[in-house]
Amino acid sequence: MKYTLNTDFALLNDSQAYNWRLNFRNMVREAFDGVDNDNILLANLLILESYINTYRHGLEENGEEINEVIEIAQNFLWDCLNGKIQPKEFEDFANNLDACVMQYNVGEELTDSQEEFYEKYFSDSENGNQMFISEWQSLLLMELTVISGGRYDFENWESVEDLNDWYCLESMLDFLTDACVDFAQITRISYKASDIDKAEAQLYKTQLYRNLVAFILNTLKVGMSGKADMYEQLREEYSQTMIIPEEFAAELLEY
């Protein structure tokens, strides 16, 4: 069975839903193959806006504020999409953010300037949700930088040619799938692969998860067809939307 952005996840049986998850990233990549980078960036940003809003809401429930670096990075990305700035103008920021994400993920040693950046933005507020958002933002910022012929500090960016990757989108879905098993109060017998699959098969039948999938697919389609004169309106709309129901926002911070 071939899956597309128009596939109705709610109509899939257990094995089809399982295969849909396995093929999710390839499905999205194929759907956006040949699509303009602006629309790929827009689709990423709309989902990011809803995720950031969910994270912000959870922080506020705990009396905390979102890290400034997330807001700065998001503004750079939207300003680039809107043609207000060029990647050269955030080249240093992008490389420093990339280095900090690598330090968090794999223990990358930081230069003095990178260490200064880390101390400024991450030393007091580093956590999994924040670093995931920062990783997604840094990936987009670095791809835009490299595509435009800008500087990159790590060799892994050498072969980048477009934005059609979707690694972070897939990671977000995997992460939220795991969290939603708990939100839906589905019991995992163990963390064996077979028992995880059984718990997720139950999750796929819940309205909670079906709404999440429908939101992601619909947002991708909005991003694919969005025009420049819609960008600001769409940003405002999605910055008020949550990726999961509001009542789970604070719980999400625990993952």
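Predicted model: local features only at pLDDT ≥ 70, side-chain atom pairs only at ≥ 80, totals over all residues.

Modeller: On handedness, α3 passes α4 in a left-handed crossing.

Biologist: At what angle do α3 and α4 pack, and how far apart are their axes?

Modeller: The angle is about 155° and the axes are 11 Å apart, with α3 covering residues 37–61 and α4 covering residues 68–81. Angles over 145 degrees count as roughly antiparallel, and α3 and α4 are therefore roughly antiparallel to each other.

Biologist: Which residues meet there?

Modeller: From α3, they include Leu-41, Leu-45, Glu-49, Ile-52 and Arg-56. On the α4 side they are Ile-70, Glu-71, Gln-74, Leu-77, Trp-78 and Leu-81. By class, the contact of α3 with α4 has 11 nonpolar, one polar and four charged residues.

Biologist: And α4 with α7, parallel or antiparallel?

Modeller: Those two pack at an angle of about 30°, with axes 10 Å apart. Angles under 35 degrees count as roughly parallel, so α4 and α7 are roughly parallel to each other. The crossing of α4 past α7 is left-handed.

Biologist: What makes the contact between them?

Modeller: α4 contributes Val-69, Ile-70, Ala-73, Gln-74, Phe-76, Leu-77 and Cys-80. Among the α7 residues are Ile-133, Gln-137, Leu-140 and Leu-144. The class count for α4 with α7 is 10 nonpolar, four polar and no charged residues. Ile-70, Gln-74 and Leu-77 of α4 are in the contact with α3 and also in the contact with α7.

Biologist: Buried or exposed?

Modeller: Trp-166 is at 4% relative accessibility, so it counts as buried. Gln-185 is at 72%, so it counts as exposed.

Biologist: You mentioned α9. Which of its residues are buried?

Modeller: Asp-195, Ala-199, Glu-200, Ala-201 and Leu-203.

Biologist: What covers them?

Modeller: The cover includes α1 (14–22), α8 and α10 (207–225).

Biologist: Now the rings. How many aromatic pairs are there?

Modeller: The count comes to 17 aromatic pairs. One of them is Phe-215 with Tyr-238, a tilted pair at 6.0 Å centre to centre with 50° between the planes.

Biologist: Which helices does that pair join?

Modeller: Phe-215 lies in α10 and Tyr-238 in α11 (residues 231–238), so the pair ties together parts that are 23 residues apart in sequence. Phe-215 and Tyr-238 are both buried.

Biologist: Which residues form a cluster of rings?

Modeller: Phe-9, Trp-20, Phe-24, Tyr-204 and Tyr-209 form one aromatic cluster.

Terms used:
Residues numbered from 1 in each chain as written. Heavy atoms only, no water. Axes fitted to C-alpha atoms, helices over the stretch in contact; angles between N-to-C directions. Helix = DSSP H or I, 4+ residues; strand = E, 2+ residues; numbered from the N terminus. Parallel < 35°, antiparallel > 145°, perpendicular 65-115°, else oblique. Left-handed = near helix turned anticlockwise from the far one by under 90°. Contact = heavy atoms within 4.5 Å. Nonpolar A, V, L, I, M, F, W, Y, C, P; charged D, E, K, R; others polar. Buried < 20%, exposed > 50% of the residue type's maximum accessible area, 1.4 Å probe, protein only. Phe/Tyr/Trp six-rings, centres within 6.5 Å; stacked < 30°, edge-to-face > 60°.
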